[in-house]
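Take a look at the model below. This report walks through its sheet, one of its helices, its charged pairs and some of its loops.

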Amino acid sequence: MKESTNRTLISNPKSIICIGLNYADHIAETSLATHDFPEIFMKTSNALASNHGTITIEDESFHYDYEGELVIIIGKSGKNIPREKAMNHILGYTVGNDVSARTLQFRGSQWILGKSLDNFAPPIGPTIIPPHAFDFESATITTTVNGEVRQQAKLQQMIFKPDAIIEFVSQYITLQEGDIIFTGTPPSGVVLGKNESKYSWLKPGDTVAITISGIGTLENKFI
């Protein structure tokens, strides 16, 4: 684990696991189908980025989008972890941005390409807060683009809370120390779906800041 706010706090996770469609209103705004279990996809390690790091927009036709998220850092390996013991496996929480290239994401049936361009996973900042020091029930997440609020919600609005996510994922995948789990983006405000006529896709010069009360703010500039 690194402590500098301009470096990745977790530099070499074996897995970057992402939970999609974990807020009911986000499902509605994107018009994507959902299930009675968590939607899971992955990001690759080249996507790791840091607080205050820059993200290059290589082609604006890829339609770059943001997704502010709470991120779980696994601190203890395990398989088939029961929900009541899930917190014992969490090193802490941090702030993440599930950056997405929507054109690439929906080019095929799998999402990995549109989710794994270089620096598309800045989940690492500004710090890691241990579970006992974080008030999940009252915490709020807010995403801004150039200072304009785009997303804001209580974390407790999640359909699948962190303990349920760890229980489900660990049934199939052995969680390793240092693994990163994105927990899903809150409702309303991503460009995808019903907001395409309201907001423009991210462009060079835009700054995305994601704040979770009790953790801090992750900020990245697109160039």
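Predicted model: local features only at pLDDT ≥ 70, side-chain atom pairs only at ≥ 80, totals over all residues.

## Two paired strands

In which sense do strand S9 and strand S12 pair, and over how many bridges? Strand S9 (residues 140-145) and strand S12 (residues 207-212) are antiparallel, with five bridges between them. Two strands count as a pair if DSSP finds at least two bridges between them. Thr-142 has Thr-211 of S12 as its bridge partner.

Residues are numbered from 1 along each chain as its sequence is written, and side-chain values use heavy atoms, leaving out hydrogens and water.

## The whole chain

The protein chain has four helices and 13 strands. Helices (H or I, at least four residues) and strands (E, at least two) are DSSP runs, numbered from the N terminus. Of the 223 residues, 54% are buried. Buried means under 20% relative accessible area, exposed means over 50%, and partly exposed lies in between (1.4 Å probe, protein chains only).

The chain exposes about 9,500 Å², and carbon and sulfur atoms supply 48% of that area. Accessible areas come from the Shrake-Rupley method with a 1.4 Å probe; for residues, only the protein chains shown count as cover. Now consider contacts, meaning heavy atoms within 4.5 Å. Among contacts between residues at least 6 apart in sequence, 76% join residues at least 24 apart.

## The five-strand sheet

S9 and S12 belong to an open sheet of five strands. Its order is S3-S13-S12-S9-S10, and the pairing is mixed. Strand S3 (54-55) and strand S10 (148-154) are the edges, each pairing on one side only.

S12 also pairs with strand S13 (residues 216-222). These two run antiparallel, joined by six bridges. Ile-212 is bridged to Gly-216 in S13. The two strands form a hairpin with three residues between them. In the turn, Gly-214 has a positive phi of about 95°.

## A helix and its cover

Which residues of helix H4 are buried? In H4 (residues 162-172), they are Pro-162, Ala-164, Ile-165, Ile-166, Phe-168, Val-169 and Ser-170.

## A network of charges

Side chains of opposite charge can pair when their charged atoms come close. A salt bridge here is a side-chain nitrogen of Lys or Arg within 4 Å of a carboxyl oxygen of Asp or Glu. The whole structure has eight of them.

Asp-65 forms one with Arg-102, the closest N and O atoms being 2.9 Å apart. Asp-65 is in strand S4 and Arg-102 in helix H2 (residues 102-105), so the pair ties together parts that are 37 residues apart in sequence. Arg-102 also forms a salt bridge with Glu-67, with the closest N and O atoms 2.7 Å apart. Glu-67 lies in the loop between S4 and S5, so this pair ties together parts that are 35 residues apart in sequence. Asp-65 and Arg-102 are both buried, and Glu-67 is buried too.

Asp-98 and Lys-115 meet in another salt bridge (2.8 Å, N to O). Asp-98 sits in the loop between S6 and strand S7 (100-101), while Lys-115 is in helix H3, 17 residues away. Asp-98 has a relative accessible area of 0%, and Lys-115 has 1%. Salt bridges that share partners join Lys-43, Asp-65, Glu-67, Asp-98, Arg-102 and Lys-115 into one network.

Is Asn-97 buried or exposed? Asn-97, in strand S6, is buried because its relative accessibility is 1%. A polar atom of its side chain lies 3.0 Å from the backbone nitrogen of Glu-67.

Ser-116 lies in the loop between helix H3 (112-115) and strand S8 (125-129). Ser-116 is buried at 9% relative accessible area. A polar atom of its side chain is 3.2 Å from the backbone nitrogen of Thr-44.

Technical notes
Polar contact = N/O pair within 3.5 Å; in protein donor to acceptor, adjacent residues only side chain to side chain.
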